Amino acid sequence: MNEKNINEKNNTSTSLILGRFKNETWVQQMWADPLGKAGIIILVAVILISIIGPIVFPFDSKAGDSVEGVFRPPSSVHWLGTDDMGRDIFRATLTGAQVSLFVGLTASAISIIVGAIVGLLSGYYFGFGSNLSMRVTDFFFVLPVLPLIIVLASIFGQNIYITILVIGLTSWPSTARIVRSQVLSIREYKFIERIKSLGATDFRIIFAHILPNVMPLIYSNTVLVIAGAILAEATLAFLGLGDPVRVSWGTMLHYAFVSGAAGRQAWWYLLPPGIGIVLVVLSFTLTGHTLDKILNPRLRDY
Amino acid sequence: MTLLDIQKLSICFHSRAGDVHAVDGVNIWLEKGKILGIAGESGCGKSTTVLAISRLLSANSRISHGKIIFKGEDLLQKTEKEMEAIRWKHISVIFQGSMNALNPIKTVGSQIVEPILIHEPRTSEKEAISRTKSLLESVGISSKRFSNYPHEFSGGMRQRAMIAMSLSCQPELVIADEPVTALDVMIQAQILELIKQLSEKLSLSMIMISHDLSVLFGLCDQIAIMYAGRVVEYGSANDVFKNPIHPYTARLMQSIPNIFGEKVLIDGIPGYPPDLLNPPVGCAFFDRCVERMSCCSERAPELLNVSKNHFSACHASYK
Amino acid sequence: MFKVRYVIKKIGFLFITLFSVLTFNFFLFRILPGDPLRLIARAGNLSSDSIARLNELFGLNQPKWMQYLIYLKNLATGQFGTSITFRRPVIEILQERLLNTAILLTLATIIVVAIGVGAGAIAATRRGSRLDNVFVVTSMVCWSLPTFWAGLILIILLGVSLSFFPIAGISTPGMIYFSSWDRIMDFARHLVLPTITLIIVDMAQFFMITRSALVDVLTTDYIHTAKAKGLSKNRILWKHAFPNALLPIVTATAVYVSLLIGGAIQVETVFSFPGMGKLMYDAVLRRDYPILEASFFIFAVFTILANFISDVIYMIIDPRVKNV
C-alpha cells in the first residue's frame, strides 16, 4: 500500500545506475558529445528519408527498361543510374531503406523483448526453470550466428516475416545474458527485501522495481542488437535468402552481385545501398558508444 | 629539519560544469621524524593536496600555483621521469584498503618485490625476496603467504600488506591516505597500533589523512585541519585537541561524543560546505560560523601563528 | 591442483554442448517439408534398388529415435551423407575445402589481433586525444561495413581498376606452375583481397574490445598504486594493465570467432574462394541439405571449441577462478 511512496523516497529506481548529471537527461548529454550528436543526426535523417522518400519517389520493381537501359551510370533522368534490369537505383534505394529498417527494427524488438524477459525471469527465480533457461541461452550463445540464420532461412523459407523471426530468435541470448547477470546482483539489494515484506507480488517486483534498474543496460545493448540485426538482414538478403518481393538494400546488392556489377565496375549500383547500410549501422554504433560513456563515467574522456 | 614544505598550493579540477577549486593556497609543513595528521570532511581537499606531492593526480587536474619543497627541492619542477625515480624510493603511499588496491592477478609477494628491484637495481632477486618476507613478518603476515593472491587475504591483511609494501624501499616520507577507513573497528585498532610501532621503530616521517579525528589524535604529533580546500588550523595534536582556536575545529571537537562524561545531545554543524566551482571571496566557513564578523566575508583569512606554533586562519582569533 | 576439477567440469560441458548441437542439427534438418528421399536424390527417378539402399542407409522407414541412433553412428564413422549437387560423399568435399578456409582465417586472425591489440593499446593510453578519436571513429565505420560489401568495393577499387590482385578463386586459370614456390605465390596473391576484407571489418571488433578493456583497467585502484610505486608507463601498461585486460579480451574472443566465421562465408562468396564458406553458399543456392547440415555442424564445432579454449585460458590466467 505504501510501497509506492517508499520507492520514490528511497531513490531506488533508475537513478541508481543512470547517475544523472545534475539536471541533464541523457539525451541532452548525448547531444553534447560530438559522436553522439552525429549518430542522432544521421539516424533521424535516415528514418525521415525512409518514410518520406518512397512516397515522393515511389519505386516500381517491375518497371524496367529495354536492354539498352540496363547498367546505365547516373544521369539527369536516373539520378543514381539503373540496375541490371533497367530500374532506377535512386528510387530503389529509398524503398530499400524502408524494408531494411523495418526488418532490422522489428527483429530487434523481438530479440530484446524475449531476451529481457528470459533474463529477468531466469535471474530472479531460482530452481530448475531458471537453470534450464540459462543453459538454453548459453547453448544458443555458442552457435555461430551466420551459419545458423542461413540454415534456418533456407529451411523455413524466404519471406520477410520469416527473416524477422529468424534474426530475432537468434540474437536474444546476448540481451538475456546481460540482463540476467544484472538481475542477479540487484536481487540482493536490501530494498527488494523490504518491498517483499510489504507484500509485493513477484510480478510487481520484477517489472516495477528491478526492470527500471536494468533499463540502462538494456538501452546500450539495444543499440548493438539493432546494428547487428540490420547487418544480418543485409547479409541474408545478399546471400539470396531474403524476400524476393520486398527489395531491401541487401537484396539490391544480391542482384548487383549475381549480375556482375562488380566486374562491370558499376559503382553506382554498389555504392548507394551499401552506403545506406553503413550509415544506418554507424548511427546506431555512434549512439551506442556515447551511451556507454554516459552510463559508465569511468569511460569518459576529460 | 623540515622534510616537506608545501607553499601556497592551489589545484583545480576541470569538469564540464567548470573549474572546481579543490585546493586553495594551502600551506603545510612536516618535520623529519614526525607524524602529521590532516583531518577534514569529505571533499575538503586533503587527499588532493597530499597526492599532489607524488604528482599522482588525475589527468583533468591542474596545479595552478604553489611549491612543494621536499628535501630542499621543488617537486613541481621535476619532470615525470625524475618523479618516477622519487616515487616509492623517497615517498611512498599507503592507500585506502579497497578491494582493488592490489593487482588481483599477481601474488602479494611479487608486488612488494617489484619496487625493490626497480628502485634498487643492484639488489639480487633472492635478496629482494628475503627482504620482502621479513617485511611481511614485521607487519604480522606469515612469510609463507608470500605467494598468495590478494583475494586470498582478508581486508585487514591486505592493508598490512600495503603497509609492508610502502616500506619496501625504506622511503623518507610515507603518506597514508585514509588507511583504516575501509576496515571494521577492531581491525582499525590493530592497524593503527601496527603503524604506531613501525613509525617508532623506523623513525618514520609520515602524513596521515583521515576524516576521523579520533584516529589521528592517538597517533600524530602535528595536526592540520582543512576545510573547503584551505587549511584552517595547524598545531601540535595536544594543542589542537585541547585548545582549538578556529571555530570549525571547535565545533568538530564538540561533536565527538565523550564516553566518560554525561550523556549530551550530539551537536552537528548546520549547513553545507561552499560550492567549490565558485569559492567564496572571504572565509569559506563564513556561512556556518558562530563567531563571524563583517570582515570575514570580504577578506579570506591567512594561516597565521596565533600562539606558540599554533596556527589558525581566522580573523576572530587575532583579537 | 584444484583447477583440474574445473577443467574436467568444462570438458563435461563441452561434450554435452556438442551432443546438443548434434541433436539440434538432427531435428532441424528433418523437419523439412517434403519427402526426404526426394531431397536426397534430386536427380530424378531412382531405381527401387537405390531407394531400398538409401532407406537402409538412413533408416527412413524406421521410427525417429532409431533414425537418431543411425545418425549418431554415421557421424561417428565420418558418414555425413552424399552431396546432392556434387554426387560425392560430403566428407570428401569438406576435407578439400577445410584447409583453404583454415589458412584464410588463420592469416586474417593473426593480423587482426596484432593490429587490434596494438591500436587498442595506443588508443587506451591516449584516451581522449585526437589520435584516439580518429582510431575510434575509423573502427566504428569499419565495424558498420557489411563484410560482403567491403569485398565488393575492394574488387572494384583494387581488383578491376588497378588489376593488382586477382579477384576470384585460388589459382589463376590456365597458369602453368614451374615449381611449388610458384604455386604458393599464386595462392598467396589470391589470398590478398579476401584477407584484407576480413581484416578491415574484423579488426574493428578487436580494437574496440581491447580499448574498452584497457580503459577499464587503467582506471582501477591498483594501477594507481602501480603509478605511485614509480613504475614506468610502459611497465604499467604491459606488466600490470595488459594481463588484467586480457581477461575480458579472452572472453570476447568467443564472440569474435562467430563473427569470423560469418565473415569467411561472405568473403569466400564474393571472391569465389573455394573454402567452407563458399561451400555453404552454394549449398544454400541449390538447397543441398546434406552439405548444409555438415558445414553447419563443422562451424558449430569450431565455435564451441573456441569457447572452450577461451574458458580454459581464462581459468589459467585468472587466479580468482576457484574449483567451483
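This report walks through a few parts of a predicted model, one at a time.

## Before we start

Residues are numbered from 1 along each chain as its sequence is written, while chains are lettered from A and ligands numbered from 1 in the order in which they are written. Because the model is predicted, local features need pLDDT of at least 70 and side-chain atom pairs count only at pLDDT 80 or more, whereas totals for chains, interfaces and linings use all residues.

## An enclosed helix in chain C

Let's begin with helix H11 of chain C, residues 276-285. Helices here are DSSP runs of H or I with at least four residues, strands are runs of E with at least two, and both are numbered from the N terminus. A residue is called buried if 20 or more other C-beta atoms lie within 10 Å of its own, exposed if 12 or fewer, and partly exposed in between, with C-beta atoms placed from the backbone. In H11(C), 8 of the 10 residues are buried, so the rest of the structure largely encloses this helix. Among those buried residues are C:Met276, C:Leu279 and C:Tyr281.

What covers them? The cover includes helix H7 (145-156) of chain A, along with H5 (90-125), H10 (233-270) and H12 (289-317) of chain C. Just after H11(C), you can find C:Arg287, which has a positive phi of about 50 degrees.

## Where chains A and C touch

Two residues are in contact if their C-beta atoms, placed from the backbone, lie within 7 Å. The contact takes 41 residues from chain C and 37 residues from chain A. On the chain C side, H7(C) gives the most, with 8 residues. That side has 26 nonpolar, 12 polar and 3 charged residues. Here Ala, Val, Leu, Ile, Met, Phe, Trp, Tyr, Cys and Pro count as nonpolar, Asp, Glu, Lys and Arg as charged, and the others, Gly among them, as polar.

## A closer look at A:Thr285

Now find A:Thr285 in helix H12 (residues 267-295) of chain A. A:Thr285 is buried, because 25 other C-beta atoms lie within 10 Å. Leaving aside residues up to four places away in sequence, A:Thr285 touches A:Ala227, C:Met140, C:Trp143 and C:Ser144.

## A sheet in chain B

Chain B has an open sheet of 4 strands in the order S2-S1-S4-S5, with antiparallel pairing. Its edge strands, S2 (18-31) and S5 (73-74), each pair on one side only. Strands pair if DSSP finds at least two bridges between them; S1(B), residues 2-15, is joined to S2(B) by 10 bridges. B:Phe13 stands opposite B:Val20 in S2(B).
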